[in-house]
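Hi there,

Here is the structure I promised to pass along.

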Amino acid sequence: MSPTQIQLVAAAIFALALLHTFSTKYFEYLAHTRPTHAGVWHLLAEVEIVFGFWAMILMVVMSFMVGQGEALAYLDSRNFTEPLFVFAIMVVAGSRPVLQAASVAVQAIVRVIPLPRSMAFLFTTLAVVPLLGSFITEPAAMTLAALLMKDTIFARASTPLKYAALGALFVNISIGGTLTPYAAPPVLMVAKAWGFDLSYMLTHVGWKAAVAVLINAVGVTFLFARELRGLEHSSKSPYSGVPLSMVFGHLLFLLAIVLFAHHPAAFIAVLLLFMGVATAYPAYQDRLMLREGLLVAFFLGGLVVLGGMQQWWLQPLLLLMDETQVFFGAVALTAITDNAALTYLGSLVEGLTPEFKYALLTGAVTGGGLTLIANAPNPAGASILKGTFEHGAIAAHGLFAGALGPTLIAILCFRLFPL
């Protein structure tokens, strides 16, 4: 496939955006050491700004190269449902009534696990909540897990434990949404085209993912057992005081947004009604996560714009591989592109074997924790947790190192267990 001039320029801008993503901690360092322009450095250090920022640059460049009309036509052709959905689910899932329900459920499980409370809490949050993402969607599971662990684990943990827990969380969220065909974006992209129904996902992919999730949670919990025993953990939920009727109502809002996940007009209407209820009962709310949600949506929207111009090199690259190569190629490519983009490109190709489809899908979800851009919910978790890291930024190499072990476990489970 011969790329056009604008496709080559878009690939170069995409590469600059990737480089910027991996350099945010350096910009945060500049903000502290060069206070004259600290505001600019702080802005460039916001990982959620990166892809939206470079997508806007791409649109300006396109306007000059191919004309404003064609640039706007390209922008209008993009599907921004996923960024909007992640924004809506973050706002609702991050509300105090929903967090109270999630916290009570997690604490109930913690009490029956024969481990010190802090160890049992970390295990439960890394194991149960990601698997819950198969039903309430991955972004909702990521939001709940990150908020539950922010003050109880991340705010008091050592740097190695933070990155190990973050890497395991990102990987487990990515693979933990594969028990059903509708909760994980990379699965959703191919479920209808390839006939991956609930039965297929459970029997071919989901149970292997669940095994990997449990092994990863156990591994991090016992690897840092000594440090975790030193962290005091209260059995009392940090979120309380909300009456059951209000909790039930908020869970209905969450359910409605999940049910209408593919219909932005519907779930945005639900979100607006939710915000009205939240405003009417301020005593039962903390600050809504509007800023964090908008920043994450801006990030994902930029990824949609930039990623749409990369098909010319991604699709031929995938088609050059056999089943084994495509699995490991998808793991690697997911680290620098959104995993849903990879599976979407695969869904456009006719005549793929069942083994190739399985390898592409499982490879895409396996690599979903290696970088912030590998899986759509990752920016949501990073937005919530980054304040607990040094200089308020998550180092790309630290995340990669923390996710490497859990990624290898996922590789073993998907490749060694029978298809």
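Predicted model: local features only at pLDDT ≥ 70, side-chain atom pairs only at ≥ 80, totals over all residues.

Let me start with the largest pocket, which holds about 950 Å³ of space. Its lining is made up of 34 residues, and Asn79, Glu82, Met189, Val304 and Ala340 are the closest to its centre. Helices H6 (81-93), H11 (185-194), H16 (290-307), H17 and H19 each give two or more residues to that lining. By residue type, the lining of the largest pocket has 21 nonpolar, 10 polar and three charged residues.

Next comes the second largest pocket, with about 320 Å³ of space. Here 17 residues form the lining, and Leu147, Lys150, Arg287, Met289 and Glu292 lie nearest the centre. The elements that give two or more residues to this lining are helix H7 (96-112), helix H9 (138-154), H16 and helix H21 (378-385). H9 provides the largest share, three residues. What sort of residues line the second largest pocket? They divide into seven charged, six nonpolar and four polar.

Finally, a word on H17, one of the helices that line the largest pocket. This helix covers residues 311-319, and its buried residues are Trp312, Leu314, Gln315 and Leu318. What do those buried residues pack against? Their partners are helix H1 (5-21), helix H18 (323-334), helix H19 (339-347) and helix H20 (354-366). H19 is also among the elements that line the largest pocket.

Best wishes

Technical notes. Residues numbered from 1 in each chain as written. Heavy atoms only, no water. Buried < 20%, exposed > 50% of the residue type's maximum accessible area, 1.4 Å probe, protein only. Helix = DSSP H or I, 4+ residues; strand = E, 2+ residues; numbered from the N terminus. Contact = heavy atoms within 4.5 Å. 1 Å grid on protein atoms, 1.4 Å probe; cavity = no way out; pocket = protein on both sides within 12 Å on 5 of 7 lines; lining within 4 Å. Points joined across faces, edges and corners; volume = space filled by probe spheres on them. Nonpolar A, V, L, I, M, F, W, Y, C, P; charged D, E, K, R; others polar.
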